[in-house]
Amino acid sequence: MQIVKPTTLQEALELLEKNQEGEIFAGGSDIIVSLLEKKPNFLIDITHISSLQQIQQQKGQLFLGALTTINTLLENPLIQNYTPLLYEASQNFASHQVRNLATIGGNITNNSPVADLIAPLLVLNTQVVLSQKNKQRTIPLQELIQQYKTLQLHQEILTTFIVPFQNGFHYYRKVGMRQKLSIAKVALALYKTDTHTFVSANGVNKFVQRLSHVETLLNQKNFTKKQLQEAIVLDTNPHSKKEYKRRVLFNMLGDALSLW
Amino acid sequence: MQITCTINNETKKFNITPTQRALDLLRENGFTSVKEGCGGGECGACSIFFNDKLVNSCLLLAFELDGATVFTLEGLQKETKTLQENFAKTGAIQCGFCTSGFILRSYDYLKTTQTPTLQEIEDALDGNLCRCTGYKKIIEAITRSTECK
Amino acid sequence: MQTDTTSIVRVDAKAKADGSLQYSDDLPFDGLYAFIIRSQKAHAKILSIVYDENFDFSEFTIVSYEDIEGKNINPIIYDDQPFLAQEYVKFIGEPILLLAHKDKTLLQKAQKHIFITYKELPQTLTFQEDKIFKRIRKTKGEKPKKELLTLSKTYTTPYQEHIYLEPQTMVAFYNQGEIKIVGSMQCPFYVEESLEALSGKKIEIEQAPTGGAFGGKEDYPSLMAAYVYLLSKKAKQDVKLTLSRTEDIAFSTKRHPSQITLTSQFDKKGKLYSLQAKILLDGGAYATLSSVVLTRLVLHIAGFYDIDYIDVDAYAYATNTPPNGAFRGFGAPQAFFALERHIDDIAKKLHFNPADIRKINLPTPQTKLLTDVEVKEYKEYNNLFTQAMQQSDFYAKYLNKEPNKGIGMSLFFHGGGFVGLGEEFLNSKVSLYLKENAQVEIKVSSTEMGQGAMTTLPQMVAKELKIDPSYVIYTIPNTKKVPNSGPTVSSRTIMIVGTLLQKATKKLKNTLGVYNSTQEYEQQVSIYLQTNKTREFQAQYQKPKDFYWDEERFSGYGYSGYSLGCYIAEVAIDPITFQVYVENFYAFHDVGEVINLTLAQGQVEGAIAQGLGYALLEDLVYENAKVKNPHISHYVAPLASDMPKNIKIEFLNTQASPKGLGELPIDGVAPAIINAVANALDIEPNTIPLTPENLEKLCR
């Protein structure tokens, strides 16, 4: 296996274009087992590209480099101040040691149905920047999360997350198998502005997505408990049995509603 | 392939294979305080300082150590002396297999605070598993180590 | 409050704290790595084993049952477990072949080039009456004739995995035809016995520092040792076998899951008159220790309660799953979960305080147990209960119940040492060696696995000699260097082995004459050594005078001493997520003299963690005859933030002679916590783990 370590994004993109079978290596703490099994021939180690690890703010938005580690998110006051929902979600992410390695980009591109940061980023209307050699595009994160497990980014590298400053109320709650260092059973991310309420949850669908029926309901003036329960069912793969998770989501939403 | 890194302030050159884990490289070269408890980043027994950050070496590939600065417990004896003594005194050690990981994490954590609450210490230890002690005496040892400084 | 003079720092603390202590996998090693080829079928006949012609096996050492020179049977009790599968496989994961190679990474690859074909046979995954390892059937007393209330409920407990931090590891060192085994283990002489059956020879076995065991390294290391021995012998090289965590979770021994139906009869005051227990214990594919686990379960199932009629029908049965084995408690956690939940269920039926049901049934001098004998400790048990209720303020707290909060208790005990005639059978021997420099070497086969034996045993000897413990050195257990004082299991280390050491020490002390200081002690030793050749002082187990046990009639004392416990748990439940938080935990014990208070507290705190995991978190799910998700990310053990916020630990009656503490604490944790949850939500949980999902189901 050949390993190359570009120090600029441009270098990395050129390598990617030249080597179709190359695998991007961004630390891989989530995927190290499967990576070792796959035994790729060509590894492009992008962990030395400092431009991918920056956190900047501009015009009411945060620009988060995809290789920002979770602890870096927690340590940077910009996150706690401007995107506190993301901050809270990061606090319950794995363990301290893992947070020093895991990256926001890795968590999203691994696209696990129990990924910790996708739901918060979705409800915050995050956009992602995807770069190719000579091309760059910015799309809503929502569009990127289309498939189950590990997004196929073809010849693109996800370089930046653009998260607007929060301006409203948020709620985050995660239930794991124990208090800390746990894969989520279910987690709720909710963000409410003056005009709209955004809701997403992990652990309840093949890939993390917004709960559209619940959102529609919450954006109405009035609704009943029963309606909310029904909306939750519709948003969580209605043909599957998930009584516990649905009940917990219902409780969490009630908790959120009582707080705002 | 060959890599160069600094381990406990000494420059080291190693011949490695691309899929070798940092954990194995360290252990095979005598740094046996770094233990394998699970191989999956869940127990913290393999914790090391990697460019000043405490990480699970079972989740690092050896080639990532190239150009990096690494510290293991072997190289932090002076810095962790008080912690070691307090762990011993309070009964925070039973089988000892998790101990080096806890000592490193405690040292790492106490760099950020000298007045932690019980909850804060518990939260800080979210990456270290112990099956013997029930954690109470470990927390006591950490608390004692703040008073001593 | 007594001042604590016992808590000397454990002797191995420094090497563990500075990271220098070498466990089995830390030892310098330049040999071959071993790998186990395991059965993919739960029950099958092996039809063929074919090695891919296109794969180069020439550098691999391959071992099958055919390489066994002695008997292909691991000698444990019923002797039904082969080291390596021969014609049949009886569980997924059963070892069939062993591979060794210098390059670890090639082993997994080689596995893919060995093709084993099977003829599948019917699987047994539930209790079948014709597939049992042992049945215990015993009745005591007469069925009550008067009219009584009755309650019948079934309680189930799951598998539990030890998750010792150090996975199973074993090394065979090859030196000019001689093999020495070094590894992580609890019982070097068990390993010696197994290898003697395997090879026909007594092999030198040495325990390396062991990173946790909890029973999981009682019998499994014998298999590990057999595998490295066979490979080492064939390859004529050093061989090391380490199980990955996933492999360990999937295939090593587990706590026996149980299903216990208790049917009780009682009057309207809650006084018990009858208790019937139907017990089912899943032993896995081979008997191994199941018969003894069953025996212990049966001997604890009725507690020490005063019950006229006790009727037990208990089965350890076979299934096509990996054999279950020893885990701290060894049947008692299962027994007390059922019994103590049942007491609370009776209290609920009668609308009584659960403490009062226990109170009215506490043992008296007239109480007779299932095994027809009296409760020797009835006074201590009554006292323990009273003290626990008082110091925890149980009654007041029970009355002042808040929403989603609850209090629960458990009253329990643990018989120390081997059951029945087991200690006589073990016939343990200990030895002390007096050195020129006045130090005393302890030679026992008791192993240090974190519990502190290498500190507490010297403390006992030092106390007897009235000298500083630094004079007493514990010898690393090596079968060629220490006598067989029995396995390090069954809470027998202090109670049986420690007591024997005290006897041997008395012999030594008697030869030394009088001394009143350390200096004088050294002088006496010097005088003694000048004129005497005897350096070694021994003691051998003798059955206590009034102890008797009739295995056939299941009658007698069971154990020669009992440790006693009473635990109280206060919980709060989050109504949003159904998570259970244990807020306060009170742990009261009577284990007689506490040799080292800090170490004893550590045993209790560690057991509370394991018991809490057993009760609330640890969910080992089997599907299609194997562990569904054998990853430590899915089988979660408690972290610091899962522990009860406050733990209060008390030891009563510390003037009495010391009894076991290793297992007692884990016996009472789960029932106390689950009783508290039952109280909090007015529900009747009868299964653990009570995960949030399982709790939510009960709250529909």
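**View 1. Where domain 1 of chain A meets domain 2 of chain A.** In this predicted model, 12 residues of domain 1 of chain A are in contact with 16 residues of domain 2 of chain A (contact: C-beta atoms, placed from the backbone, within 7 Å). By class, that domain 1 side has seven nonpolar, two polar and three charged residues. Here Ala, Val, Leu, Ile, Met, Phe, Trp, Tyr, Cys and Pro count as nonpolar, Asp, Glu, Lys and Arg as charged, and the others, Gly among them, as polar. The C-alpha centres of these two domains lie 19 Å apart. The bounds are 2–45 for domain 1, 51–164 for domain 2 and 173–259 for domain 3, and such bounds come from an automatic or database domain assignment.

Residues are numbered from 1 along each chain as its sequence is written, while chains are lettered from A and ligands numbered from 1 in the order in which they are written. Local features need pLDDT of at least 70 and side-chain atom pairs count only at pLDDT 80 or more, whereas totals for chains, interfaces and linings use all residues.

View 2. Strands E4 (residues 55–58) and E5 (residues 61–65) of chain A pair in the antiparallel sense over four bridges (pairing takes at least two DSSP bridges). Look across from Gln57(A) and you'll find its bridge partner in E5(A), Leu62(A). Two residues sit between the strands, and Lys59(A) takes a positive phi near 50°.

**View 3. Chain A against chain C.** This contact takes 14 residues from chain A and 13 residues from chain C. On the chain A side, helix H12 (residues 243–259) gives the most, with six residues. That side has seven nonpolar, three polar and four charged residues.

**View 4. Around Tyr33(C).** Tyr33(C) sits in strand E1 (residues 32–38) of chain C. Why is Tyr33(C) partly exposed? Because 19 other C-beta atoms lie within 10 Å; buried takes 20 or more, exposed 12 or fewer, and partly exposed is in between. Leaving out residues up to four places away in sequence, Tyr33(C) touches Ala100(C), His101(C), Lys104(C), Leu107(C) and Lys240(C).

**View 5. Val228(C).** Not counting residues up to four places away in sequence, Val228(C) touches a set of residues that includes Ala34(C), Met170(C), Ile181(C) and Lys240(C).

Terms used:
Contact = placed C-beta atoms within 7 Å.
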